[in-house]
There are 2 protein chains.
Amino acid sequence: MSEVLQKTSDLLEKAALAKKAAAEMAKQSTEAKNKALRLMADQLLQEQDFLLTENEKDIAAGRHAGMSDSLIDRLQLDASRLKGMADALVLLTQLEDPVGEVLESWEQPNGLEMAKIRVPLGVIGMIYEARPNVTVDASSLCLKTGNAVVLRGSSTAIHSNKALVAAIHRALAKSELPVDAVQLIEDTSRETASHMFKLNSHLDVLIPRGGAKLIKTVVENSTVPVLETGAGNCHVYIDETANVEMAIAIALNAKTQRPSVCNACETILVEKNWAAAHLGKLVEALQEKAVVIHGDSFVQQWENVIPATEEDWGTEYLGLEASVKVVDAVDEAIRHINSYGTKHSEAIISETPENVQQFFMEVDAAAVYHNASTRFTDGFEFGFGAEIGISTQKLHARGPMGLPALTSTKYLIKGNGQTK
Amino acid sequence: MSEVLQKTSDLLEKAALAKKAAAEMAKQSTEAKNKALRLMADQLLQEQDFLLTENEKDIAAGRHAGMSDSLIDRLQLDASRLKGMADALVLLTQLEDPVGEVLESWEQPNGLEMAKIRVPLGVIGMIYEARPNVTVDASSLCLKTGNAVVLRGSSTAIHSNKALVAAIHRALAKSELPVDAVQLIEDTSRETASHMFKLNSHLDVLIPRGGAKLIKTVVENSTVPVLETGAGNCHVYIDETANVEMAIAIALNAKTQRPSVCNACETILVEKNWAAAHLGKLVEALQEKAVVIHGDSFVQQWENVIPATEEDWGTEYLGLEASVKVVDAVDEAIRHINSYGTKHSEAIISETPENVQQFFMEVDAAAVYHNASTRFTDGFEFGFGAEIGISTQKLHARGPMGLPALTSTKYLIKGNGQTK
């Protein structure tokens, strides 16, 4: 068999096993699924030595290949991180099982009794980078929602991923759930990923988790439906009537609390009269927090402000940099956001109800805030108890995705012989 | 400019106009949208002569090209069909506007007031065949739900489509809605369709409407999210305890009432004891209605039954043909359906509650029936008042899609300065 055929056959074989397991998974009780999650937690703790030894192989290979410290940090497992994973598994058992929930029910005039219930999606393909925690996190979320999962992680985490999946399999073997519900594609070649993108016959959805480039590749090449998560070019708009202290506090929080994440603010838009009176304070506060400012001509009157280019408005800095622009009014702010934003999270700071209402209605984004930071766009902050990711697409799920995002629906119809 | 560039630029220009119009559409009141629908209805009736003259050009070209009578029939407009379209537009004004509906609202412990509301999807791309009625139907459903639409119909209906869109534009010009919300791509080449499949920057979703081949092409080539509708290889399973008259009546209805549609039954599965006692009656009833039967070895004891091949189990006949198979019990029926079905509509006829429950839980389909015909899978039969299509995929919408399937959601969050 040629190498390509062999790779293809490994993916197909595992996807077929997952598909078969998905049919079993759909029948599992909440109790059986929670028991399996607890067994997985126990197994991770029991197998700590094995897991850390295998992880060390990836770390060594990474260092040898000159991987950056921040990437090594993402890849690294230790006792406390394993404990964190185990704790998350136990927490997941406490969340409501969405499967079986009756979303709607009604009777038709001909007597048909209609019900729409939540069911698992089926087989979920996860494509992700060198974070071994995603292996456990994604598996557990898929199992809790009655799905099977096909995992395709990074080659740089392959020893860790194989060890974690082996431990998960040993836990599942003690449970009522099918062991085959979690499949790891060990071949991390491009060809296999490309094949996964088109495997509509076996995969119900693909979820990419990682950087903007990975997500773009999956979105642009997949015919399997994709749950797109990710990129956030988020704005804070400070309106004419914004409370000065509040506006500065929110802009600072949104920009500096954790600048590397998707719900951090990248551009601050400021209404011209507010700018004339208070922009100096905002610039000072940002610069005190070491934020490099790319400003328009008005903002450039302050020292150390770099002239903003057209490119800046579309840039997700993901660091201590921000672009700042003075706008005429809420209309211009909305136009700017809808032109350059990524439909993630957008905030208005204002005491003018009509402007807030206009901003709420016209800004096209998953989450729109009034007098609060964009940093709240997060499954845990929304009270979902778990997060699959933050959807920036408009189909199926938008914004922070909790467990229900991993489900579909089914109509169950009871009759007594109806043909009309 | 080269021809390809010109084509591309026409699509891009129209898609950009639609995107701009979508932002306007999202702000429209239910009243303004309904007024536009009524104006469209009036316009179609007023312009009847023009519309029928233009349609006649397509009909003449179709006949000249040797188009079949059934295709000519699909393409043909007449006074009564135009009246039907106008009536449908008026009916649509009576349906509830899903946009703005508050789906959930709650308060977080930190005082943030959270609300999840329905919003339009944005720009919807429709790819369809030679049915000019889809031009009006799709436009009106998209407008009612606050979306803009980019229509790409068949070259064989181009005169009809141009005339219908011109009439729609004249109606929209009298309304408060942006005329640009409805765009017709006049270039019906493959290249333009291929470009539409990848136009993620401008299109939020693609909806193919037509035969299995069209849908497959769109699904297999699109990186824009697709709402997949269509293929139905539906089954009726007659269980051991099925009421004989009811089972025969339902099987006959599901197979023969309108065999060309996706919710018609293609394979009848019969439990072995029921088959031993009653299959003759079913075969006779089907043959009386001119149904050609492809049967397994047991079924072949009756005259004029053609031996069923492996291929038959996967065939959507869409005509007066059915495959019939005897199965051991409900388990085998479920396995058969999950192997060969298209996850559309599946029915069990039974008086054994446990078997019904097992069938409901284990059959993987958009709609599962007990003691009723698969023919009910339809937006109007479900009481939705309108139908975008019947989704056979698991993301976003599954089964008959009413107006809410053309919407997304948005979180609106009100704070008073929260940063944590």
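I take a salt bridge to be a side-chain nitrogen of Lys or Arg within 4 Å of a carboxyl oxygen of Asp or Glu. By this rule I counted 44 salt bridges over all chains.

**Basis of the entries.** I worked from a predicted model, in which local features need pLDDT of at least 70 and side-chain atom pairs count only at pLDDT 80 or more, while totals for chains, interfaces and linings use all residues. Residues are numbered from 1 along each chain as its sequence is written, chains are lettered from A and ligands numbered from 1 in the order in which they are written, and side-chain values use heavy atoms, with hydrogens and water left out.

**A salt bridge within chain A.** I looked up E54(A) and found a salt bridge to K57(A), with the closest N and O atoms 3.0 Å apart. The two are separated by about one helical turn, because they stand three residues apart in helix α3 (residues 48-64) of chain A. Helices (H or I, at least four residues) and strands (E, at least two) are DSSP runs, numbered from the N terminus.

**The contact between the chains.** I found that 63 residues from chain B and 63 residues from chain A take part in the contact, meaning heavy atoms within 4.5 Å. The buried area between chain B and chain A is about 5000 Å², with 59% given by carbon and sulfur atoms; this is the accessible area (1.4 Å probe) that two parts lose on being put together, summed over both. Between chain B and chain A I noted six salt bridges. In a salt bridge between D204(A) and K394(B), the N to O distance is 4.0 Å.

**The sheet.** I traced an open sheet of ten strands with mixed pairing, in the order β1(A)-β2(A)-β16(A)-β13(B)-β12(B)-β7(B)-β8(B)-β11(B)-β9(B)-β10(B). At its edges stand β1 (102-107) of chain A and β10 (306-307) of chain B, each with a single partner strand, so one side of each has no neighbour in the sheet. Two strands pair if DSSP finds at least two bridges between them.

Where do the chains meet in this sheet? Strand β16 (residues 407-418) of chain A pairs with β13(B) in the parallel sense over five bridges. There I found V368(B) in β13(B) as the bridge partner of L412(A).

Within chain B, strand β7 (residues 234-238) and strand β12 (residues 345-349) also pair in the parallel sense, over four bridges. I noted Y237(B) opposite I348(B) in β12(B).
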